[in-house]
Amino acid sequence: MKKDEENLEYFAKNNKKMDDRDILPSIEFLENIAWEYNSDGTERNFAEKLEACRHEKYRSADASALTGESVGIDSEKLDRVPEGRFNTEVDGAHFECFYQASEYDYLYVVLDTMRDDKTIAKGPLPCFHKWSWSTFLKGHLLSIEDPMYFESDISVGWFYGTKERDYRDATAKLVMRVAKCLGIPNEHIIFYSVSSGGTSGLFTAEKISGSVAIASNPQLDLTRFLPSALANFKECTGIDLAYEKEYGDAERVDFTHVLSRNSLSKYLVIINCRSKIDFNDQLIPFCNELGVTPRYGLQKVGNLIIWVIDAPGPHPHLYYESKTMYFAIDFLAKTLAEGGDIDRLKSLYIMFSEFWHEKAGLIAGDPECLDDADPVGKSFAEQLKR
């Protein structure tokens, strides 16, 4: 290769790296949409065109995929990941899964969360949270039911397992087998769940070096969760989590022990400060152990980002992010995974946090959020009534 060609190739590679670092969160399917005429020459409704794009991505998932028969597979001999539902056994644990393929070389793993009485009464049926997100996720979607729910009427299992067997080890093996079959490296495996599913993702990601875990309102220390859930867990498994934390395997109970092992994986923890069981009971003592003070917006501690938001509502633990907010969350997780500069994003994510706050307040009917969102419109509407 000639010297000039080598220089051009070097410039192109490094230019791309700079461009990758400088990009910001984007919703690609809404970019470059232009107003136009219909085929008969009349003006096309621009808002309708935008709504059609949103519908295609956000609301077009086919629910019939959930009702199909679950196909049994041998994950140790996996040469193709079946679309839709499948089940398998790994180290004695039964897994029910849902898979949707993608053109992108990322694998999103969604682990199931806590069950309510209604769900338990119907049996351990897979819920497959975020199943409909496959239409816009920039990667393959693998949703996994907690194997603990097939063994008892336990309300929350955290993919914990038994005293002898760690089901998070089994989950990690299953995920890595799927990723290997798809040709996806560890660094492109992203766990993305809420509450107890987020907790399970944090502990499982540690077992897949280089992977990323996004956890919204997770239990960072299982022993600080609802006393009724801990009592139910002990009744169903015979495991006292408080005892395990003090005298047993604390690394299966307290996330600070995972971080203290200098994990090569990366973590994004999103906490709603309006939720006492998450901010007061989980994040504050967790940060005390790390020697940091929680603050609004983004805070980076080693291979961990803490994002504190303020989302009002009647059930602040269950604020569930919107499908659009995923793009901001995903960008942040991938920036962390690639070693990007988080500090330059802090101001931007304060603004995202305020949008989140405003939307949650509007949904909850908070009068102050209603005033903040449209103070002029409210006054104008009152004038029109006169």
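Biologist: What does E28 form a salt bridge with?
Modeller: E28 pairs with K138, their closest N and O atoms lying 3.1 Å apart, where a salt bridge is a side-chain nitrogen of Lys or Arg within 4 Å of a carboxyl oxygen of Asp or Glu. This is a predicted model, in which local features need pLDDT of at least 70 and side-chain atom pairs count only at pLDDT 80 or more, whereas totals for chains, interfaces and linings use all residues. Residues are numbered from 1 along each chain as its sequence is written, and side-chain values use heavy atoms, with hydrogens and water left out.

Biologist: And where do the two sit in the chain?
Modeller: The pair links distant parts of the chain, 110 residues apart, with E28 in the loop between α1 and α2 and K138 in the loop between α4 (117-121) and β5 (140-144); helices (H or I, at least four residues) and strands (E, at least two) are DSSP runs, numbered from the N terminus.

Biologist: Is K138 buried or exposed?
Modeller: K138 counts as buried because its relative accessibility is 16%, while E28, at 42%, counts as partly exposed. Buried means under 20% relative accessible area, exposed over 50%, and partly exposed in between, using a 1.4 Å probe and protein chains only.

Biologist: How many salt bridges turn up in the whole structure?
Modeller: The search finds 20, and D221, R224, K245, D254 and E289 are linked in a network of them.

Biologist: Which way do β7 and β8 run?
Modeller: Strands β7 (residues 212-216) and β8 (residues 266-272) run parallel and are joined by five bridges, with I214 standing opposite L268 in β8.

Biologist: What about E96, which strand is that in?
Modeller: E96 lies in strand β3 (residues 93-100) and counts as buried because its relative accessibility is 9%. E96 and E145 are 49 residues apart in sequence, yet 5.5 Å apart in space, C-alpha to C-alpha.

Notes: Two strands pair if DSSP finds at least two bridges between them.
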